[in-house]
Amino acid sequence: MRSGLLTLILAALVMAPAVARAVTIVDDRGRTVTLTRPAERIVSDYDIDVTIPLIELGAMPIASHGRLAGDGKPYLRSSKLLTGIDFDNSDIAFIGAAEIDLEAVAALKPDLIVTEISRATPVEKLEKLAPTIVINSDLGAPHVYALLAAATGKEAEFKRLDSRYRAQLALMKAEVQPEKHVVSVFQPLRGKLNVYQSYRAIGQVLRDAGFRFPPLIDDIPEGQSIVVSTERLPDLDADVIFDPYRSDRKQGARAEIAAMERMVPGFCRFLSACRNGRYILIPREEAISNSYAALSRMVAIVQTALGPRPPGYRTAPEPTGLAIPAR
């Protein structure tokens with residue numbers, strides 16, 4: 001009799017719902033935010049740097065900031081490319097582009113709002129609707145995911161994603177020996193060159209792997225960018241150059257090449273990387289994302305760009321007497 005009663009009690013304990021655990025987060029503005037339990041009804045105030053990481057962690061938001069296409073339809077920037085999820089094939093509600101609709105957010109009764117440090121909607125307004133955490137996406141995917149995983153109880157998924165990235169990175173490093181190579185990342189911008197100290201996903205992969213950079217890039221403060229004249233183009237030369245182009249626009253990579261040609265006719269002649277077939281155009285819609293999906297994609301691109309070439313491959317001789325005219 002006593003044995004049977006004990007069995008029933010144990011069975012009841014197994015079937016009983018787990019006690020919700022409180023979660024305390026210190027966000028990237030130094031605010032301490034306490035949740036009574038890991039968040040489930042999450043509203044995202046930034047598609048590319050919050051919504052995509054939440055989807056990858058398996059913490060599907062109930063609503064998100066997004067963008068408006070030319071036909072007026074909302075979309076999540078880069079999300080379909082990296083996760084396969086967008087407004088048109090999920091239950092995620094669209095709550096605005098420039099600023100989110102606070103009334104719509106309130107009606108959804110979220111238990112967590114996540115915003116990014118550069119977003120327009122004031123945190124003071126958001127936290128009146130639900131507990132709100134602020135992330136700084138410039139700190140990179142691992143940092144962002146760790147913060148979101150702690151808030152949503154998805155620590156195991158975060159560890160799995162990070163473990164996969166570290167394994168891919170290790171394989172790439174063994175293949176290409178990053179410490180032996182100088183790399184560069186820049187893009188044309190309104191007649192000049194836009195240069196980042198570390199350009200989002202591609203920058204994180206290159207820095208994590210231990211590649212070297214031209215002095216012009218290494219002198220840029222961490223997390224910042226500079227715009228330089230085309231006369232500085234030779235200062236950005238490297239073994240491999242990565243140019244993130246707008247893959248979501250007409251002509252794509254061809255438009256990027258045309259933009260470089262307009263600035264410096266025959267620009268490829270001034271860059272040994274380009275002459276040797278190592279001026280690599282990469283899709284900006286993927287390179288710009290702080291997500292593990294983007295990091296994995298960039299590892300593969302870097303490994304391919306720097307991998308061994310067939311025996312018949314020859315590098316182009318360096319031309320002489322070339323000088324970029326001042327503009």
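This is a predicted model: local features need pLDDT of at least 70, side-chain atom pairs count only at pLDDT 80 or more; totals for chains, interfaces and linings use all residues.
## The chain as a whole

The protein chain has 327 residues, and 48% of them count as buried. Its secondary structure comes to 13 helices and 14 strands.

The accessible surface of the protein chain is about 16400 Å², and carbon and sulfur atoms account for 54% of that area. Among the contacts in the protein chain with a separation of 6 or more, 68% are between residues 24 or more positions apart.

## The parallel sheet

## The mixed sheet

Another open sheet of five strands has the order β12-β11-β10-β13-β14, and here the pairing is mixed. Its edges are formed by β12 and β14 (279-283); each of these has a single partner strand, so one side of each is left without a neighbour in the sheet. On average, neighbouring strands of this sheet are turned by 30° against each other, with direction ignored.

Strand β10 (residues 183-189) and strand β11 (residues 192-196) run antiparallel and are joined by four bridges. L189 stands opposite K192 in β11. These two strands, β10 and β11, form a hairpin with two residues between them, and R190 in the turn has a positive phi of about 50°.

On to the next pair: β11 is joined by four bridges to strand β12 (residues 225-228), and the two run antiparallel. Here L193 stands opposite V228 in β12. Strand β13 (residues 240-245) and β14, by contrast, run parallel, with five bridges joining them. In this pair P244 stands opposite I282 in β14.

## Helices on the mixed sheet

Helix α10 (residues 253-263) packs on the sheet and touches β10, β11, β13 and β14. The direction of α10 makes about 80° with that of β10. Helix α13 (residues 292-306) lies across β10, β13 and β14, and runs at about 165° to β14.

## A pair of crossing helices

Helix α7 (residues 155-176) and helix α8 (residues 200-209) have axes that come within 10 Å and cross at roughly 60°. The crossing of α7 and α8 is right-handed.

On the α7 side, the contact is made by Y165, R166, L169, M172 and K173. On the α8 side, Q204, V205, D208 and A209 take part. The residues of this contact divide into five nonpolar, one polar and three charged.

Technical notes. Residues are numbered from 1 along each chain as its sequence is written. Side-chain values use heavy atoms; hydrogens and water are left out. Axes are lines fitted to C-alpha atoms, for helices over the stretch in contact, and angles run from 0 to 180 degrees between N-to-C directions. A crossing is left-handed if the near helix is turned anticlockwise from the far one by less than a right angle, and right-handed if clockwise. Contact means heavy atoms within 4.5 Å. Ala, Val, Leu, Ile, Met, Phe, Trp, Tyr, Cys and Pro count as nonpolar, Asp, Glu, Lys and Arg as charged, and the others, Gly among them, as polar. Two strands pair if DSSP finds at least two bridges between them. Buried means under 20% relative accessible area, exposed over 50%, partly exposed in between (1.4 Å probe, protein chains only). Accessible areas come from the Shrake-Rupley method with a 1.4 Å probe; for residues, only the protein chains shown count as cover.
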